[in-house]
Amino acid sequence: MVYGAGECGKSSTPDREAFKLAPCMSAVQDETAPVSSSCCAQVKRIGQKPSCLCAAMLSNTAKMAGIKPEVAVTIPKRCNLSDRPSGYKCGDYTVP
């Protein structure tokens, strides 16, 4: 998958942001797993730019780490983020 330049700003890339989602590893593989507060904090920070969060979740780094995009898009809701980008289309997935 090819991403346009700049989803995550000039100083970062989707792959670099995907590394920051490390606290979310169990939560992005299992929809029933608890989501840690450190995961929610990273998702909230990265999610201020929904295109960046989406690109990070679909990045090669995320794929190699075993992130399941269909589960990853549920994290903002599972964190109870009131300002989550619900309805945002992320590849083949939609943020609930």
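Here is a short note on the fold, the disulfides and the cavity of this predicted model.

1. Ground rules. Residues are numbered from 1 along each chain as its sequence is written, and side-chain values use heavy atoms, with hydrogens and water left out.

2. Overall make-up. The chain has 6 helices and 2 strands, where helices (H or I, at least four residues) and strands (E, at least two) are DSSP runs numbered from the N terminus. Reading from the N terminus, the order is α-α-α-α-α-α-β-β.

3. Size and packing. For 96 residues a compact globule would have a radius of gyration near 12 Å, and the chain agrees, at 12 Å. That radius is taken over C-alpha atoms, and the globule rule is 2.2 Å times the number of residues to the power 0.38. Along the principal axes, the C-alpha atoms fill a box of roughly 35 × 25 × 25 Å. Of the 96 residues, 41% count as buried; buried means under 20% relative accessible area, exposed over 50%, and partly exposed in between (1.4 Å probe, protein chains only). As for contacts (heavy atoms within 4.5 Å), residues 24 or more positions apart account for 60% of those with a separation of 6 or more.

4. Disulfides in general. How many disulfides does the rule give? The count comes to 4, a disulfide being a pair of cysteine sulfur atoms within 2.5 Å. With bonded cysteines counted along the chain, the pattern is 1-5, 2-3, 4-7, 6-8. Three of these links are described in the next points.

5. Cys-24 to Cys-39. The sulfur atoms of this pair sit 2.0 Å apart. The torsion about the S-S bond of Cys-24 and Cys-39 is about 105 degrees, so this disulfide is right-handed. The pair links distant parts of the chain, 15 residues apart: Cys-24 is in the loop between helix H1 (14-19) and helix H2 (37-46), while Cys-39 is in helix H2. Cys-24 and Cys-39 are both buried.

6. Cys-40 to Cys-79. Here too the sulfur atoms are 2.0 Å apart. Cys-40 lies in helix H2 and Cys-79 in the loop between helix H6 (75-78) and strand S1 (89-90), so the link ties together parts that are 39 residues apart in sequence. With a torsion of about -90 degrees about the S-S bond, the disulfide of Cys-40 and Cys-79 is left-handed. Cys-40 counts as buried at 15% relative accessibility, and Cys-79 is buried at 13%.

7. Cys-54 to Cys-90. This disulfide has an S to S distance of 2.2 Å. It connects distant parts of the chain, with Cys-54 in helix H3 (residues 50-57) and Cys-90 in strand S1, 36 residues apart. The link of Cys-54 and Cys-90 is right-handed, with 110 degrees about the S-S bond. Both cysteines are buried.

8. The cavity. There is 1 cavity of 30 Å³ or more. For the record, on a 1 Å grid over the protein atoms alone, a cavity is a set of points where a 1.4 Å probe fits but cannot get out, and lining residues have an atom within 4 Å of a point. Grid points are joined across faces, edges and corners, and a volume is the space filled by probe spheres set on the points. The largest cavity comes to about 50 Å³.

9. What lines the cavity. Cys-54 and Cys-90 turn up again in the lining of the largest cavity, along with Pro-50, Leu-53, Met-57, Val-73, Pro-76, Pro-85, Tyr-88 and Val-95. H3 gives the most to this lining, with 4 residues. By class, the lining has 10 nonpolar, no polar and no charged residues; Ala, Val, Leu, Ile, Met, Phe, Trp, Tyr, Cys and Pro count as nonpolar, Asp, Glu, Lys and Arg as charged, and the others, Gly among them, as polar.

10. A backbone spot to look at. Most residues other than glycine have a negative phi. Asn-80, not a glycine, has a positive phi of about 60 degrees. Asn-80 is in the loop between H6 and S1, and at 66% relative accessibility it counts as exposed.

Note on methods:
Predicted model: local features only at pLDDT ≥ 70, side-chain atom pairs only at ≥ 80, totals over all residues. 1 Å grid on protein atoms, 1.4 Å probe; cavity = no way out; pocket = protein on both sides within 12 Å on 5 of 7 lines; lining within 4 Å.
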